[in-house]
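Dear colleague,

Please find the structure below, handed over for your own work. My notes on what was found in it follow.

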Amino acid sequence: MSAQPKGLVLIVEDERPIADLVRLYLSREGFGVHHESDGKAGLAAARRLRPVVCVLDIALPGMDGTEVCRELRESGDWTPVIFLTARDDEIDRVLGLELGADDYVTKPFSPRELVARVKSLVRRAAGAPERVLSVGPVTLDPGRRLVAVGGSPVALTSTEFDLLAHLLGRPGRVFAREELLASVWGYAAHTGTRTVDVHIAQVRGKLGEAAGVIRTVRGVGYTADA
Ligand code: CA
């Protein structure tokens, strides 16, 4: 196996040509790639190999990709997950399940686009500021990647964490949805800004009584308010 300066990406995909294509593109970018063809083996590999990102197909033999993600999250594993979906109408279902998915691409997808999203997730995980942020009852410690409400820890996905960190980093500043998409996800999504709204809803749900810290600015986007 070649050197893995950028870390190992796990791909769980039962369609071999797709897996091979993804492997080729990620390898060229300096990632190591491990491939599994069914859900159970994928889950075991995720636990054994500690990848920097998991790329999960949804329809898999044995155990589907959403179940793999759910099992990881239930065991406290917040490794960034990108889903491969076969249909556009799966997106809402997948993002709305509170599975803790970070991103998705719809088949057929461009391998370059997938690589860009993997790199974005890895970069964000590595590039967070070290200053502890605090707005109202919410504190966020980028160095330890911990969020708490009134001192009680809150479990966020990698994307949810980075989104909240972005807002809390400049309280009172209004961020447009497109701006959040570019800054947090690192790209302009072809599917528009629905991803931002879905993730904001999930962060608010997890913040519970402190959900009001994220305020909607009608027709524009979001801001953090004490
Ligand atoms: Ca499949």
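**Findings**

L133 has L140 in β7 as its bridge partner. This pair belongs to strands β6 (residues 133-135) and β7 (residues 138-141), which run antiparallel and are joined by three bridges. Here, two strands pair if DSSP finds at least two bridges between them; helices (H or I, at least four residues) and strands (E, at least two) are DSSP runs, numbered from the N terminus.

Please note that this is a predicted model, in which local features need pLDDT of at least 70 and side-chain atom pairs count only at pLDDT 80 or more, while totals for chains, interfaces and linings use all residues. Residues are numbered from 1 along each chain as its sequence is written, and side-chain values use heavy atoms, with hydrogens and water left out.

The hairpin of β6 and β7 has two residues between the strands, and G136 in the turn has a positive phi of about 55°. Strand β7 is also joined to β8 (residues 146-149) by four bridges, again in the antiparallel sense; there, T139 has A148 in β8 as its bridge partner. Four residues lie between the strands in the hairpin of β7 and β8, where R145 takes a positive phi near 50°.

A further five strands form an open sheet with parallel pairing, in the order β2-β1-β3-β4-β5. Its edge strands, each pairing on one side only, are β2 (32-36) and β5 (103-106). Neighbouring strands are turned by 20° against each other on average, direction ignored (axes are lines fitted to C-alpha atoms, for helices over the stretch in contact, and angles run from 0 to 180 degrees between N-to-C directions). Within this sheet, β3 (residues 53-57) and β4 (residues 81-85) pair over four bridges, and L56 has F83 in β4 as its bridge partner.

The calcium ion is coordinated by D14 (OD), D57 (OD) and A59 (O), at 2.1 to 2.3 Å. Donors are N, O and S atoms within 2.8 Å of the metal (3.2 Å for Na, K and Ca); water is not among the atoms, so sites may look incomplete. The donors follow the spacing D-x42-D-x1-A along the chain. D14 lies in the loop between β1 (8-12) and α1 (16-28), and A59 in the loop between β3 and α3 (65-74), 45 residues apart.

As for accessibility, buried means under 20% relative accessible area, exposed over 50%, and partly exposed in between (1.4 Å probe, protein chains only). D14 is partly exposed at 37%, and A59 is exposed at 54%. Helix α6 (residues 158-168) is largely enclosed by the rest of the structure, because ten of its eleven residues are buried, including F161, L164 and L168.

With kind regards
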